[in-house]
Amino acid sequence: MKFNDIMKINLPDDFPDEQFAYFMESTRSVLLPNKNDSWKEFAGASNLIGWRFRSCYEDMTSYIDSWVVHGANISFEKIYMRERFLFGMFSSGVSCVESACYAVYALSSHHSIYNLPFGDNEQRKCNPRSLRMVLEPFNTAKTVVSELNSIIQSHEWKFWVDLRNRMTHRSNIPRIVRGTGGGPPPTAKALQFAATSSTPAFEADEDHLVNLFKWLAQSLSNLLAGGGDIASNSYKAYLLGP
């Protein structure tokens, strides 16, 4: 962990401090002189980015630690805790990306940026796909749009969202338990789950979770850098006038 001077909390080493600082400083120069609704929505979402990133990391680490210490042969109480960690990781990871999208959308609603409508309907549906759709017409949003396309088209984002949705609305992911008659049992893996109606079967070791988290960190870094560019470049164009 490392201390983040803007958030005033410790954050995982993979958190993109430099890009977050650029995003915040660029946006504050636009929104702070007149703390309107754009600032209010931005402030809440930007604060959530770091909190959810840390929660995601902590739950991932707790899941991996449980596996390393106890393996597959665990009590129902430990099964509950492990499932809670998995749910927390995927819920917080998706929330981290969507909070960044919400912050960029709030910035884009300012009259000196793109003056986009950002009422209740837009706020409830804010995600990478909806943000990409409204930013595509703007030249100064090209960096963000490119990253949003990469996120939307990636297998990683689909995996994050599918597991989050399954565990949030439908059921836990059913773990595969294998037995054996004579001879040693097959080697168990940290992730060994059967298919559901909305998620595929998959097997992987704990490194898969670590790689998913690193993908999250890189995607967040790119989003924040692009958001900073929007604030900086669009505001300059606004000041220069037509």
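User: Which residue forms a salt bridge with Lys2?
Analyst: This is a predicted model, where local features need pLDDT of at least 70, side-chain atom pairs count only at pLDDT 80 or more, and totals for chains, interfaces and linings use all residues. Residues are numbered from 1 along each chain as its sequence is written, and side-chain values use heavy atoms, with hydrogens and water left out. A salt bridge puts a side-chain nitrogen of Lys or Arg within 4 Å of a carboxyl oxygen of Asp or Glu. For Lys2, the closest N and O atoms are 2.8 Å apart, and the partner is Asp17.

User: How many residues apart in sequence are the parts that Lys2 and Asp17 tie together?
Analyst: Helices (H or I, at least four residues) and strands (E, at least two) are DSSP runs, numbered from the N terminus. Lys2 sits in strand 1 (residues 2–4) and Asp17 in helix 1 (residues 17–31), so the pair links parts separated by 15 residues.

User: Are Lys8 and Asp5 buried or exposed?
Analyst: Their side chains meet in a salt bridge, N to O 3.0 Å. Buried means under 20% relative accessible area, exposed over 50%, partly exposed in between (1.4 Å probe, protein chains only). Both Lys8 and Asp5 are exposed.

User: Is Asp162 buried or exposed?
Analyst: Asp162 pairs with Lys158 in a salt bridge, 2.6 Å from N to O. The two are 4 residues apart in helix 7 (residues 155–169), so about one helical turn separates them. Lys158 has 52% relative accessibility and counts as exposed. Asp162 is at 18%, so it counts as buried.
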